[in-house]
Amino acid sequence: MHRLIALSLLTLVASLSLAQDKPKVEPWVCPPGFEGQTLHVFNWSSYIAPNTIGDFEAACGVTIVYSVYDSNETMLAKLVRGNPGYDIAVPSGSAVGRMIQLDLLEPLDLDKLPQLATISSDLLNPPYDPGNVYSVPYQWGTTGIGYNRKKVTQPISSWDDLWNYQGKVAWLGDMRGMMGIALHLLGFSPDTTDPDEITAARDFLLSKGDNVAIIATGDGQIMLERGDVDMVIGYNGSIIALKYSCECDDFAYVVPQEGSFIWVDNLVIPRGAPNPELAHVFIDYILHPQTNADISNFTAYGSPNQVAIDAGLIDEALLANEGIYPPPAIREKLFFIGPVPNQVDVLYSDAWDEVAILLSR
Amino acid sequence: MLEAQARRRQQRSGLLLALPAIIWLGLFFLLPLGIVGVFSFLTREAAGIVSLPFTLEHYERTFGVFSVVLWRSVWISVVSTVICLLIGYPLAFFIATRQNNWVRQLCLFMVVLPFWTNFLVRTYAWRILLGDQGTINAILQGLGLIDAPLTLLNTPFAVILGLVYGFLPFMVLPIYASVDRFDFKYVDAAHDLGANDIKAFFRVVLPMTLPGVFAGSALVFIPCVGAFVTPDLLGGTQGLMIGNLISRQFGQSLNLPLGSALSVTMMLIVMVALLAYVRLGNRRLGG
């Protein structure tokens, strides 16, 4: 996922946070005894608020060494041959599953994370990490339809609006995600292990593919912006960010009413972290409503923190954006993509291969 | 006696001299090729894992569901090669017949010049030219030649354009070498014997420069069949080729046996095409 941020947001957020006066959230307090220590944080680029690191350093009297990456694969590659010294990493859900399989994660001591209680319950206990043994949510988002208002004049609210659109569309090159949407629409579990259901999902996608110009891996929003397609399946962040990159109002994003799959990036402690104690303190700090709201207000991704939302810490314009914070009726239809056994994963990739290749006929 | 001994010694030292090449090719060509061949018959256990027993399943899928991609790869490659030939031969002929050596060198330099820029960047640039709101559509619409933008990007047409653009130098250079070596006194002789220019070209010049044509066609056709960057960037869903399918299997899908079966099939296509060329070439050249 592209971590695109808009600098214009920064000024907006700054002015709004001055005006806010209703939050009833207690400020976060650092437990004593960590003065002079160092913490190594490894996060996606442009994925934290400007004050997050400095405030933590001041509160605890510690130093943070902050490094960034731009894909799960880059982060995994650094950790898979032995942790070079990171205390915190922020993998996506699927990467958490893989890291658990590869024994790359330190179990979390949830007793040391009192702020976890402020996190929205529907984002806890994900299928890739049942019981949040290794990971807690950092930021989250949806997958839906982005479209060009100038070309698409009818209202868009359903997956059928995309399948039946007379014009060019781009799909998302996310195997489990796309298969998951098809399975969900057919009424099956998005993590099904039944070969017949997987085949049905393949045939469903093949029957809906007549208007697909390309299956885009990561650059669908660029094709949308450039006018090569009118509609695209994509992650909310990358499409909402178009608004800021083109400084126009041509592009809209909706989560279809039937529901779609969500992505969650998670805080984890890599196996062999030099300072797991301080890492727990840092995670608790990030989970705190104020910290989490600051980050979400800056990145324009969804905050998993229910208390932050209820207390009005989230910028109103962002909170009103249904692409970032879907209304309850849609929110309850969102689903995770969970891990499946290796033998089943093979069925998914075979089916998706055939979709990707045979859409062309 | 002595002569035979000397010949044997010579043979032995020849073998010794060839040894590095033999080891190199054996280790880095034949052995991997053998592994790919064996893998193509193995059972796929899970992502990236293969096991016995042997199976024909991957070839069944290659020639079954994926045959549409095989067929498309072949026709796109043939069309691209033919277009390269139609553009490349006149161009090479033009360059080789310049009297001024300086002009000739400059022309050759210009043919090779695109190689100075990365192939990926040059192919990506075509996306900007061919897009619905790209340069070409903008010009055509500006001139009032079309009302709605033409769909150029994400079509087999775009792939062929990209392949011709990318591989044209491989056609021009061998033909240039052939024409350059051609002795134009033969054309004078043909004229003396009553042939006009056209007849002299088709009866004398073309047959004698055929080695260049065959070399150029092979050098264009082979990378076309295996292309995956060009169809990936320009073809969309309509222009996927066997190269894309193979890179998928060794990349995200990690289906090593299917990828191997597809690779073997691709090699067979290239081999059949080359054998046909060679047969044709030998007959034409009076071999």
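# Close-up views of a two-chain predicted model

At 0% relative accessibility, B:C84 is classed as buried. The legends below describe a predicted model.

**Figure 1. Cysteines B:C84 and B:C107 of chain B.** The sulfur of B:C107 lies 18 Å from the closest cysteine sulfur, which belongs to B:C84, and this is too far for a bond. A disulfide requires the two sulfur atoms to be within 2.5 Å. B:C107 has a relative accessibility of 16% and counts as buried, because the limit for that class is under 20%. B:C84 is likewise listed as buried, at 0%.

**Figure 2. The disulfide of A:C30 and A:C60.** One disulfide is found when the whole structure is searched over all chains. A:C30 and A:C60 form this bond, and their sulfur atoms are 2.0 Å apart. A disulfide is a covalent bond between the sulfur atoms of two cysteines. The link between A:C30 and A:C60 is right-handed, with 110° about the S-S bond. A:C30 sits in the loop between α1 (7-19) and β1 (38-44) of chain A, while A:C60 belongs to helix α2 (residues 52-60) of chain A, so the pair ties together parts that are 30 residues apart in sequence. A:C30 and A:C60 are both buried. By contrast, B:C84 takes part in no disulfide; the nearest cysteine sulfur is that of B:C224, 6.3 Å away.

Figure 3. A:S135 is part of strand β4 of chain A, which covers residues 135-148. The relative accessible area of A:S135 is 0%, so the residue counts as buried. The side chain of A:S135 makes a polar contact of 2.7 Å with the side chain of A:D129. Residues up to four places away in sequence aside, A:S135 touches A:V96, A:L108, A:Y128, A:D129, A:N266, A:L267 and A:V268.

**Figure 4. B:T81 in helix α3 of chain B.** Helix α3 of chain B spans residues 67-96 and contains B:T81. B:T81 is buried, because its relative accessibility of 6% is under 20%. The side chain of B:T81 reaches the backbone oxygen of B:S77 at a distance of 2.6 Å. With residues up to four places away in sequence left out, B:T81 touches B:M171, B:S217, B:V220, B:F221 and B:Y277.

**Figure 5. B:G236, a loop residue in contact with chains A and B.** B:G236 is located in the loop between α10 (229-234) and α11 (242-250) of chain B. Its relative accessibility is 6%, so B:G236 counts as buried. From chain A, B:G236 contacts A:A213 and A:I214; from chain B, it contacts B:N154 and B:P231, with neighbours within four places in sequence left aside. The C-alpha atoms of B:G236 and B:T155 are 6.6 Å apart in space, and the two residues are 81 residues apart in sequence.

**Figure 6. The two domains of chain A.** Chain A is divided into domain 1 (7-140 + 264-326) and domain 2 (142-261 + 335-358). The contact involves 15 residues of domain 1 of chain A and eleven residues of domain 2 of chain A. The C-alpha centres of these two domains of chain A are 28 Å apart. The size of an interface is often given as the accessible area lost when the parts come together. For domain 1 and domain 2 of chain A, about 1000 Å² is buried between them, with 69% of it on carbon and sulfur atoms. Zero salt bridges are found across this interface of chain A. Two residue pairs are in polar contact across the interface of domain 1 and domain 2 of chain A, both at pLDDT 80 or more.

**Figure 7. The two domains of chain B.** In chain B, domain 1 is made up of residues 1-39 and domain 2 of residues 56-284. Four residues of domain 1 of chain B and six residues of domain 2 of chain B take part in the contact. The C-alpha centres of the two domains of chain B lie 34 Å apart. Domain 1 and domain 2 of chain B bury about 390 Å² between them, of which 78% is on carbon and sulfur atoms. On the side of domain 1 of chain B, the residues that lose the most area to domain 2 are B:L33, B:V36 and B:F39, together 91% of what that side buries. Between these domains of chain B there are zero salt bridges and zero residue pairs in polar contact at pLDDT 80 or more.

Terms used
Residues are numbered from 1 along each chain as its sequence is written. Chains are lettered from A and ligands numbered from 1 in the order in which they are written. This is a predicted model: local features need pLDDT of at least 70, side-chain atom pairs count only at pLDDT 80 or more; totals for chains, interfaces and linings use all residues. Side-chain values use heavy atoms; hydrogens and water are left out. Helices (H or I, at least four residues) and strands (E, at least two) are DSSP runs, numbered from the N terminus. Buried means under 20% relative accessible area, exposed over 50%, partly exposed in between (1.4 Å probe, protein chains only). A polar contact is a pair of N or O atoms within 3.5 Å; within protein, one must be able to donate a hydrogen and the other to accept it, and residues adjacent in sequence count only if both atoms are side-chain atoms. Contact means heavy atoms within 4.5 Å. Domain bounds come from an automatic or database domain assignment. Buried area is the accessible area (1.4 Å probe) that two parts lose on being put together, summed over both. A salt bridge is a side-chain nitrogen of Lys or Arg within 4 Å of a carboxyl oxygen of Asp or Glu.
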